[in-house]
Amino acid sequence: LDTLDQPILLEGQEVIATGSIGIVIYPEHGDEINTLLRHADIAMYEAKHDNSGYALFDLNYVEQNQQHLSLLAELRHAIERNEFVLYYQPKVEFATGTIGHVEALVRWMHPERGMIPPDQFIPYAEHTGYIRTITRWVIEAALRQRKQWEKMQLPLTISVNISARDLMNADMPKLFAGLMGKYGASPHWLCLEITESAIMGDPKRALGILEELHNMGLYLSVDDFGTGYSSLAYLKKLPVSELKIDQSFVFHMADDKDDATIVRSTIDLGHNMGLVVVAEGIENQATWDMLNAMGCDLAQGYYISKPMPVDALLKWIAQAPWKVLKA
């Protein structure tokens, strides 16, 4: 895993390739090759799902794998059965207390299992490529909602997440152009959040697609900043307007000096590069006060609000102590 984690120089660009390893022991986990390979495969997906790097096979994984396969089969029908819904989490501007942005987060309302959180189905959607179908649904649902807000004179910018597989899709700019034309959307209606690791998977290709999206006027953000491997030399080439500090650094910054130092340095870095800086994962007043003193631009987290369906969002906006951006 350490060897795989080293950057690879490919056509002048550094590429990061990580690994997930499934381990089996003969004869404890099988007495013939096909069984061993099948069990190693199951363990490997468990490692991938947990981001643990490796996993030793366990019989419990078989039942879990069967459940995952069942879930994956049902996932393919979730859109046609209208089981997906968007939840929205507001972002507040520190300096003015204004709400001008929300992040759209997909939720799966399963008729029998109840609400299934993204971490239980998005990784499998990405692995199978079905994430492209989900992404298209999210973009269209967000644009449809934003068009309704335009009629209500509620000019909120909606952030949507773009996965690594989406970013490698050469048709992504064409998809956005088509859907934006369909809904008469202005570029400022959307902000596209791309993870640092997704960009660095194939930097050259990612840069080309991001340039196309940027030239369309779309607002681009680097999500989960600080957890990937991007060099500053490459980051400055990206046509992004926003840097989003990963919540793992924000959660404990009020009690952890190292996290606080990382956050302060990231805010300074972002501002020096002319970027808006967002902190996610704010859960208390102490963290809010520290980020405000550091000059962070936008705040997101449970201290402000949990993600909520659109009807709840509108009620929350009407009662919230924050100001709402005016049309």
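Visitor: Is Tyr54 buried or exposed, and what is its relative accessible area?
Guide: Tyr54 has its place in strand S4, where strands (E, at least two residues) and helices (H or I, at least four residues) are DSSP runs numbered from the N terminus. Buried means under 20% relative accessible area, exposed means over 50%, and partly exposed is in between, with a 1.4 Å probe and protein chains only. Tyr54 is therefore exposed, with a relative accessible area of 51%.

Visitor: What pLDDT do local features need in this model?
Guide: Residues are numbered from 1 along each chain as its sequence is written, and side-chain values use heavy atoms, with hydrogens and water left out. This is a predicted model, in which totals for chains, interfaces and linings use all residues, side-chain atom pairs count only at pLDDT 80 or more, and local features need pLDDT of at least 70.

Visitor: Which strands each supply at least two residues of the nonpolar patch?
Guide: A patch is made of residues with over 30% relative accessible area and no salt bridge, like charges being joined within 9 Å and nonpolar side chains (Val, Leu, Ile, Met, Phe, Trp, Tyr) within 5 Å. The nonpolar patch on this surface is formed by Leu1, Leu4, Ile21, Ile23, Ile25, Tyr54 and Leu56, with about 590 Å² of accessible area together, a value from the Shrake-Rupley method with a 1.4 Å probe, where for residues only the protein chains shown count as cover. The strands that each supply at least two of its residues are S3 (21–23) and S4 (54–56).

Visitor: How are the buried residues of helix H12 arranged, and within what arc do they fall?
Guide: In helix H12 (residues 285–294), the buried residues are Thr287, Trp288, Leu291 and Met294. The arc is that of the directions from the helix axis to the C-beta atoms. Seen down the axis of H12, these residues line one face of the helix, because they fall within an arc of 130°.

Visitor: What covers the buried residues of H12?
Guide: Contact here means heavy atoms within 4.5 Å. The cover over the buried residues of H12 includes strand S5 (84–93), helix H10 (247–250), helix H11 (257–272), strand S12 (276–280) and strand S13 (298–300).

Visitor: Which residue takes a positive phi just after H12?
Guide: At the start of H12, a side-chain oxygen of Asn284 comes to within 3.3 Å of the backbone nitrogen of Ala286. Just after H12, a positive phi of about 85° is taken by Gly295.

Visitor: How many residues apart in sequence are the parts that Glu193 and Lys91 tie together?
Guide: A salt bridge is a side-chain nitrogen of Lys or Arg within 4 Å of a carboxyl oxygen of Asp or Glu, and Glu193 forms one with Lys91, the closest N and O atoms being 3.0 Å apart. Because Glu193 lies in strand S9 (residues 190–195) and Lys91 in strand S5, the pair ties together parts that are 102 residues apart in sequence.

Visitor: What is the relative accessible area of Glu242, which also meets Lys91 in a salt bridge?
Guide: The salt bridge between the side chains of Glu242 and Lys91 has an N to O distance of 3.9 Å. Glu242 lies in strand S11 (residues 242–245) and Lys91 in strand S5, so this pair ties together parts that are 151 residues apart in sequence. Lys91 counts as buried at 0% relative accessibility, and Glu242 is buried with a relative accessible area of 1%.

Visitor: Which residues are linked in the network of salt bridges?
Guide: The side chains of Glu280 and Lys244 also meet in a salt bridge, at 3.8 Å from N to O. Glu280 lies in strand S12 and Lys244 in strand S11, so the pair ties together parts that are 36 residues apart in sequence, and both residues are buried. The residues linked in the network are Lys91, Glu103, Glu193, Glu242, Lys244 and Glu280.

Visitor: What is the relative accessible area of Gln153?
Guide: Gln153 has a positive phi of about 55° although it is not a glycine, and Gln153 lies in the loop between helix H4 (131–151) and strand S8 (157–162). Gln153 is exposed, with a relative accessible area of 58%.

Terms used. A polar contact is a pair of N or O atoms within 3.5 Å; within protein, one must be able to donate a hydrogen and the other to accept it, and residues adjacent in sequence count only if both atoms are side-chain atoms.
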